[in-house]
Amino acid sequence: MACVSADAQSCEDRRITRSKQALREALIELTEERGLDGFSASDLCAKAGLNRGTLYNNFGDKDGLLAALEGDVMADLERLQESMRALSLKDVMRYRMAKKPLPFLIELFDYLREQGDFLHAVLGPKGDASFGPRVRDALCTEIIQTILHERYRNNPEPFVQYYVAFYASAYLGVITHWIDCGMKESSEDMARIAMKLLFIKPGEPIKL
């Protein structure tokens, strides 16, 4: 039944959401097949079963759609970080001593799994080369900063900055490797792996 006045905005929002989902799926499939530079806006709309006006009216063009989808992921990661920022080093160490994964990390890997198809396409060799560094800087760097001892968090010494950069890049590598390998490990196991990688000592058992 057609939407009437009070429901018109809600109906329009649902239509945009459906169109965005169809375009998202089409972008993922075409990126995996051809790479981001290997298809046009017309190819994208044809794959999604939509006319070009739907893309242009809502997102401007293919790049606008990609920016919107990446923006959604970045906004979600920002919201997830709120619980991470509430953690103290004592909280982290308490979970480590109890050999329990941080709830934030479990929630993070749950979310990454939900976005796995998109992340596989966009973070992959045929995707957007600029997106990985954005995820690293916004998420992985924040994780490392959280578990740094308070005396080092705002320390301007070069070693501290290199330490953060090293582990932030390593954590992005963990995430992309997990996604590339089909996300076989559970979110709980990945949270344990993420913790163990940071704190493991030479010769220490590697079992989770």
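Lys20 is partly exposed, with 22% relative accessible area. In this predicted model, the side chain of Lys20 reaches Asp72 and forms a salt bridge with it, at 2.6 Å from N to O. Lys20 belongs to helix α1 (residues 5-34) and Asp72 to helix α4 (residues 62-85), so this contact ties together parts that are 52 residues apart in sequence. Asp72 is likewise in the partly exposed class, at 34% relative accessibility.

Helix α1 takes part in another such contact, this time through Arg24. The side chain of Arg24 meets that of Asp117 in a salt bridge, with a distance of 3.0 Å from N to O. Asp117 is found in helix α7 (residues 116-123) and Arg24 in helix α1, so the pair links parts that lie 93 residues apart in sequence. Are the two partners buried or partly exposed? Arg24 has a relative accessibility of 12% and counts as buried, because the cut-off for that class is under 20%. Asp117, in contrast, is partly exposed, with a relative accessible area of 37%.

A further salt bridge joins Asp43 and Arg34, whose closest N and O atoms are 3.3 Å apart. Here Asp43 is partly exposed at 29% relative accessible area, and Arg34 is partly exposed at 44%. Taken over the model, the count of salt bridges comes to nine; the pairs described here are among them, including Lys20 with Asp72, Asp117 with Arg24 and Asp43 with Arg34.

The largest pocket holds about 370 Å³ of space. Its lining is made up of 15 residues, and those closest to the pocket centre are Arg96, Lys99, Lys100, Lys196 and Glu204. Which elements give two or more residues to this lining? They are α5 (89-97) and α11 (187-199). Of these, α11 supplies the largest share of the lining, with five residues.

The charged group includes Arg96, Lys99, Lys100, Lys196 and Glu204, the residues closest to the centre of the pocket.

Technical notes. Residues are numbered from 1 along each chain as its sequence is written. This is a predicted model: local features need pLDDT of at least 70, side-chain atom pairs count only at pLDDT 80 or more; totals for chains, interfaces and linings use all residues. Side-chain values use heavy atoms; hydrogens and water are left out. On a 1 Å grid over the protein atoms alone, a cavity is a set of points where a 1.4 Å probe fits but cannot get out, and a pocket is an open set with protein on both sides within 12 Å along at least five of seven lines; lining residues have an atom within 4 Å of a point. Grid points are joined across faces, edges and corners, and a volume is the space filled by probe spheres set on the points. Helices (H or I, at least four residues) and strands (E, at least two) are DSSP runs, numbered from the N terminus. A salt bridge is a side-chain nitrogen of Lys or Arg within 4 Å of a carboxyl oxygen of Asp or Glu. Buried means under 20% relative accessible area, exposed over 50%, partly exposed in between (1.4 Å probe, protein chains only).
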